[in-house]
Amino acid sequence: MQNEEIILQMKAITKTFPGVKALDNVNFNLHQGEVHALLGENGAGKSTLMKVLNGIYQKNSGSIYLEGNQVEFKSPKEAQEAGLAIIHQELELIPYLTVAENIFLGREPKKGFLVDFKRLNEKTEEIMNRLGVNIDPQSKINELNIGNQQMVEIAKALSQDANILVMDEPTSSLTPKEIEILFDLIERLTAEGISIIYISHRMEEIFQICDRVTVLRDGEYVGEVEIDETDEDELIKMMVGRKIEDRFPEIINNRSDKILEVKGLTVPDKVIDLSFAAYKGEVLGIAGLMGSGRTELAKSLYGLFNIEEGEIYFKGNRVNITSPKQAIEMGIYYLS
């Protein structure tokens, strides 16, 4: 829980790119031991502000104070050495190295001139125990699912003994159980006095774990509110600049031609007896938890996996898609 000591201040931060003012006199204050949400629509400037803080981008004007001292981070390494760690939404792991090697990359314990792998794995196991997750330090990253890879990112940040931890959409790839573990960890970290900047589009998370919220809109500072003195409607109004009367308007879907139909699709160890149809001009959602087969389904339709059983009909014709090249020639694309 937060105290009154301000550990980080960002004052009148301005950042421009050619033809674009990404940040315009933005302010941000972080108290010790709090979880402070940074909220805004896509393009509001949240990630840009954090990249300025982390030394990835250099601000055009403004000032940054860390524990009362003005700082100018010229690189992420300088920010890291000052006690700041950031977990990016995009995973930054090397797939063919082990979990332990990724967490301590560039900071490996040594025995003489060589890496002390025994100590490396022991330190990694200590961090995983602190996280409350069971991940083998010697597993290769490409052997883990996305949820566990995200946990490795968090472990990497914690290994830096950070006083300030920036989490950019940390739950985007986590299962409900993994989110629960993460939130328990956040509570323990803030109890130790660690401050967390939390970026998320999930309102329920903001109200569950955050103490305060700062809202940005179009690169500008809108305001700061205590979480127990606001509600979802007010935050949305701050984000978009107006009150949203109907957040979930009824959409009438006038179906036209059936463009894709899948019947009894089975891919060994990936998808079992799956059927659905998609119509021209509609958006068809495929929902499920991590590991449920959503990605595997999409890749199967794209020709990346061999289909054992089932039928695929495209524009009324039965097709056998055996490669991404064939899928593209038909007009089927895979975006990830």
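Tyrosine 302 is buried, at 12% relative accessible area. Keep in mind that this is a predicted model.

What does tyrosine 302 pair with? Its partner is tyrosine 334. The ring centres are 5.8 Å apart and the planes meet at 35°, so this pair is tilted. Stacked would need planes under 30 degrees apart.

Now the location. Tyrosine 302 lies in the loop between helix H9 (294-301) and strand S15 (309-314). Tyrosine 334 is in the segment after helix H10 (324-330). The pair therefore ties together parts that are 32 residues apart in sequence. Tyrosine 334 is partly exposed, with a relative accessible area of 25%.

How many aromatic pairs does the structure hold? Two. The other one joins phenylalanine 17 and tyrosine 57. Here the centres are 5.2 Å apart. The planes stand at 75°, so call this pair edge-to-face.

This pair also links distant parts of the chain, 40 residues apart. Phenylalanine 17 belongs to strand S1 (residues 6-17). Tyrosine 57 sits in the loop between helix H1 (46-53) and strand S4 (61-66).

Next, charges over rings. Stay with phenylalanine 17. Lysine 15 lies over its face, 5.1 Å from the ring centre.

Then there is phenylalanine 305. Which residue puts its charged end over that ring? Lysine 270 does, at 4.6 Å from the centre.

To recap: tyrosine 302 and tyrosine 334 form a tilted pair, and phenylalanine 17 and tyrosine 57 form an edge-to-face pair.

Notes
Residues are numbered from 1 along each chain as its sequence is written. This is a predicted model: local features need pLDDT of at least 70, side-chain atom pairs count only at pLDDT 80 or more; totals for chains, interfaces and linings use all residues. Side-chain values use heavy atoms; hydrogens and water are left out. Rings of Phe, Tyr and Trp (its six-membered ring) pair if their centres lie within 6.5 Å; planes under 30 degrees apart count as stacked, over 60 as edge-to-face and the rest as tilted. Helices (H or I, at least four residues) and strands (E, at least two) are DSSP runs, numbered from the N terminus. Buried means under 20% relative accessible area, exposed over 50%, partly exposed in between (1.4 Å probe, protein chains only). A charge sits over a ring if NZ of Lys or CZ of Arg is within 6 Å of the ring centre and within 35 degrees of the ring normal.
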